[in-house]
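Welcome! Please have a look at the sequence and the model below, and then read on for a short tour.

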Amino acid sequence: MRWEELDRQPCSLARSLSIVGDRWTLLVLRECFLRVRRFEEFEQRLGIARHVLADRLKKLTDAGVLRKVPYQERPRREEYRLTEKGLDLYPVMLSLLDWGDKWMAGPEGPPVLRRHKACGHVAHAVHTCSECGEVLGARDMTVEIGPGAKGGELPTADRMVTSKK
């Protein structure tokens, strides 16, 4: 599978990675969730080359994850805001942050804590079943072919595997 073909794969993860699957894009999104909105501020905070930043912002805007909003007319200047599609990435970001806090933080602990405004407690990502409310883990799930699968097969990177029922 070629990187530029990910968006055409019959796999929601591959299609998602075609938009957010590189390090700079995830770091741009991190900054968006920290309420960074302007090009120069992204550039300064990330230490990223202007052309790379422009490319990632364009990709996220074209994908509908961000939208440009004017904040000045003369000269016209725009800032980047998360769309509903972008805001829906927050649980993904929380999961990655929690994983990093557990496995990549130093002995002093995580560099940033996320506090829930409603209850005041430090919060962590918890995935629960939408039907019964139980916490979900990898060993609690099975995979089956969905309506968007092509030819009744589950996708893999190197080949398609036929599901056995």
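## About the model

This is a predicted model, in which local features need pLDDT of at least 70, side-chain atom pairs count only at pLDDT 80 or more, and totals for chains, interfaces and linings use all residues. Residues are numbered from 1 along each chain as its sequence is written, and side-chain values use heavy atoms, with hydrogens and water left out.

Buried means under 20% relative accessible area, exposed means over 50%, and partly exposed is in between, with a 1.4 Å probe and protein chains only.

Leaving out residues up to four places away in sequence, Leu-53 touches Val-28, Phe-39, Phe-42, Glu-43 and Ile-48, where contact means heavy atoms within 4.5 Å.

Which residues of H4 are buried? They are Val-52, Leu-53, Arg-56, Leu-57 and Leu-60. Because they cover an arc of only 125° around the axis, they sit on the same side of H4; the arc is that of the directions from the helix axis to the C-beta atoms. On the other side of H4, His-51, Lys-58 and Asp-62 are exposed. The cover over the buried residues of H4 includes helix H1 (12-20), H2, H3, S1 and S2.

Arg-56, in helix H4, has a relative accessible area of 16%, so this arginine counts as buried. Not counting residues up to four places away in sequence, Arg-56 touches Asp-22, Trp-24, Thr-25 and Val-28. Just after H4, Gly-64 takes a positive phi of about 80°.

## Salt bridges

There are 13 salt bridges in the structure, each a side-chain nitrogen of Lys or Arg within 4 Å of a carboxyl oxygen of Asp or Glu. One of them joins the side chains of Glu-79 and Arg-38 at 3.2 Å, N to O. Glu-79 is in strand S2 and Arg-38 is in the loop between H2 and H3, so this pair ties together parts that are 41 residues apart in sequence. Glu-79 is buried at 7% relative accessible area, whereas Arg-38 is partly exposed at 36%.

Lys-68 also forms a salt bridge with Glu-78, with the closest N and O atoms 3.8 Å apart. This pair links distant parts of the chain, with Lys-68 in strand S1 (residues 66-72) and Glu-78 in strand S2, 10 residues apart. Glu-73 and Arg-76 form another salt bridge, with 3.5 Å between the closest N and O atoms. Through shared partners, salt bridges join Lys-68, Glu-73, Arg-76 and Glu-78 into one network.

## A serine in H6

Our last stop is Ser-95, in helix H6 (residues 90-103). Ser-95 is partly exposed, with a relative accessible area of 25%. Leaving aside neighbours within four places in sequence, Ser-95 is in contact with Ala-125 and His-127.

Technical notes: Helices (H or I, at least four residues) and strands (E, at least two) are DSSP runs, numbered from the N terminus.
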